[in-house]
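Please open the model in your viewer and keep the sequence at hand. The tour below moves from one selection to the next and says what is found at each stop.

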Amino acid sequence: MRRRKAIALTLGIGGALVLGPAGFYGYRLAAAKLDTVGEVAFDTPLAVPPLAEPTRDPSGAKVFDLELRSGRTQFADGAATATWGVNGAFLGPTVRARRGEEVAFTVRNGLDEATSIHWHGMRLPAVMDGGPHQEVAPGETWTPQWTVDQPAATLWYHPHPHGKTAAHVYRGLAGMFIVDDDADLNLPRTYGVDDVPMIVQDRKFDGDNQFDDGAPLFGALGVIGDRVMVNGTLGPYFDVTTRLVRLRLLNGSGARTYHFGFGDDRPFSLVATDGGLLPEPWETDRIRLTPGERAEIVVAFAPGETVDLRSYPSDIGGPAGRLDGFADRLDVCRFRAAERLGEGTEVPAAMGAAPALDAAEAAAERSFTLGGDKINGEAMAMERIDFGVRVDTTEVWEVVNDNGFLHNFHVHNVQFQVLDVDGAEPPPALRGWKDTVPLMPGERNRLALRFSEHTDPNVPYMYHCHVLKHEDEGMMGQFVVLGEGEEVGEVPGAHAHG
Ligand code: C2O
Ligand code: CU
Ligand code: CU
């Protein structure tokens with residue numbers, strides 16, 4: 001039994017000001033604040049994506065078979081929803097590999113349109129990256145292969161076809177990619193028991209239980225759903241059996257930002273961000289994730305208690321930010337602790353290595369201004385390589401949000417260091433390795449990046465806003481990593497397309 005979502009018709013000052021001449025806009029603004037706390041039934045066990053089962057090829061590589069399929073998923077009572085998934089009808093299995101391992105994939109496109117699978121956060125050759133230059137036609141199979149070489153981290157995979165990423169992710173193509181390494185820390189590590197993947201996404205359903213991809217009128221970011229699902233489960237609960245639980249939170253939404261915290265404001269330890277473990281745990285009671293970002297947190301539970309993970313309002317975007325969900329308060333997942341909990345160890349005091357790129361040594365400085373669906377005034381073009389970075393040099397990139405909407409900035413093939421946020425020291429959540437950095441309206445952030453392998457003068461990697469509608473509309477550019485003495489080349493096939 002699911003109760004109807006509740007919409008709080010709160011006429012705040014922002015709403016009242018625009019009522020009058022723009023009465024309809026004012027109504028939209030006022031109606032846009034959603035509060036589902038206490039309204040979600042939490043009556044469905046949280047689905048835990050299965051671990052993909054690799055085979056070994058003769059060379060010893062782990063081979064994962066992924067098939068992109070269309071299907072139907074029963075999210076709620078009534079009609080099943082038409083969805084896409086990987087090896088199933090919705091979302092995909094969790095891929096897991098250790099640092100140093102060779103991984104190989106067969107990605108078969110069983111859909112009736114071209115798409116791609118991109119390995120978000122992974123260091124890998126550009127031809128294996130799965131961006132818009134590696135689209136897989138219907139019925140075809142793509143076979144990328146590379147050696148995993150980066151610290152343990154929660155990465156993910158999702159489609160990246162030119163101009164259609166938002167729609168393909170919304171239909172259900174996404175999964176987690178967990179990298180393990182040998183830094184054997186005392187963190188909870190039993191998958192699905194005390195180490196829980198949480199792919200958090202919002203959806204809207206139409207009267208027929210089908211995904212509604214209509215974006216809010218006057219909204220700036222794309223589809224904002226009024227239902228939150230975790231791993232494809234609406235109203236999920238998770239039965240806690242150990243005192244400490246590690247949650248791998250992934251914002252798998254295309255537009256919505258989550259500001260996670262618990263119903264009783266209990267503190268938790270943030271232990272990892274996009275690129276892996278933080279130098280030390282940071283105790284907090286809130287963690288904000290913009291689309292594409294990840295965070296690993298460790299939470300302590302008491303025997304027999306029940307506590308809910310929520311998303312709280314985030315102070316972004318002024319009054320109009322309500323249209324894009326920033327004022328919403330949402331129930332996300334209920335945790336129900338058993339009467340007896342297994343003991344775990346404590347969260348280690350020292351974890352990953354702190355990023356320490358030397359900005360003073362930067363071989364190049366670049367500036368990227370995001371606004372109007374463009375970066376530096378230019379929309380993404382498949383055949384245009386915007387620049388080349390020299391392998392094994394450090395660069396400093398300044399990223400600027402010069403309009404009134406939320407953006408973020410994601411770079412393929414690298415984990416970078418945030419040097420400063422609007423001139424100030426980054427907050428603890430941005431002090432570890434990142435591949436996606438939030439960019440609040442008006443903000444100017446500086447990043448240090450170093451590309452130490454995988455040169456290719458012709459095949460580009462992407463950098464873009466991870467608000468998927470913005471990416472699709474052209475807020476994206478392309479760069480190549482150049483070896484010694486190489487110059488920027490030409491995208492293969494660029495001329496064939498005119
Ligand atoms: Cu998560 Cu270019 O992507
Ligand atoms: Cu990516
Ligand atoms: Cu954007």
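Begin by selecting tryptophan 119 and tryptophan 146, both of which are buried in this predicted model. Their ring centres lie 5.3 Å apart with the planes at 50°, so the pair counts as tilted. Tryptophan 119 belongs to strand E7 and tryptophan 146 to strand E9 (residues 145–147), so that two parts of the chain 27 residues apart are linked here. This is one of 35 aromatic pairs found in a search of the whole structure.

Strand E7 (residues 118–120) has the highest confidence, at 99, whereas helix H1 (residues 13–18) has the lowest, at a mean of 40. If you select residues 1–22, you are looking at a stretch where pLDDT stays under 50, although the model gives this stretch 39 contacts beyond four places in sequence.

Histidine 118 is in strand E7 and histidine 410 in strand E28, so the pair ties together parts of the chain that are 292 residues apart in sequence. Histidine 118 and histidine 410 are both buried.

Next, select the copper ion that is ligand 3, which is coordinated at 1.9 to 2.2 Å by ND1 of His407, SG of Cys465 and ND1 of His470. Along the sequence, the donor residues of this ion follow the spacing H-x57-C-x4-H. Because histidine 407 lies in strand E28 (residues 407–411) and histidine 470 in helix H4 (residues 468–473), the two tie together parts that are 63 residues apart in sequence. Both histidine 407 and histidine 470 are buried, and cysteine 465, at 0% relative accessibility, counts as buried too.

How many disulfides does the structure hold? The number is 0.

From there, move to valine 467, in the loop between strand E32 (456–464) and H4. With a relative accessible area of 0%, valine 467 is buried. Show its neighbours and, leaving aside residues up to four places away in sequence, you will find that valine 467 touches Leu221, Gly254, Pro291, Leu406 and Asn408. A C-alpha to C-alpha distance drawn from valine 467 to alanine 255 comes to 5.2 Å, although these two residues are 212 apart in sequence.

Now return to the aromatic residues and select Phe368, Phe387, Trp397, Phe409, Phe451, Tyr461, Tyr463 and Phe479, which are linked into a cluster by ring pairs.

The last two stops show arginines placed over aromatic rings. Select arginine 171 together with tryptophan 84, where the arginine lies over the face of the ring, at 4.5 Å from its centre. Then select arginine 336 and tyrosine 237, where the arginine again lies over the ring face, here at 3.7 Å from the ring centre.

Key. Residues numbered from 1 in each chain as written. Chains lettered and ligands numbered in written order. Predicted model: local features only at pLDDT ≥ 70, side-chain atom pairs only at ≥ 80, totals over all residues. Heavy atoms only, no water. pLDDT = per-residue confidence, 0-100. Helix = DSSP H or I, 4+ residues; strand = E, 2+ residues; numbered from the N terminus. Contact = heavy atoms within 4.5 Å. Donors = N, O, S within 2.8 Å, 3.2 Å for Na, K, Ca; no water. Buried < 20%, exposed > 50% of the residue type's maximum accessible area, 1.4 Å probe, protein only. Disulfide = S-S within 2.5 Å. Phe/Tyr/Trp six-rings, centres within 6.5 Å; stacked < 30°, edge-to-face > 60°. Lys NZ or Arg CZ within 6 Å of the ring centre and 35° of its normal.
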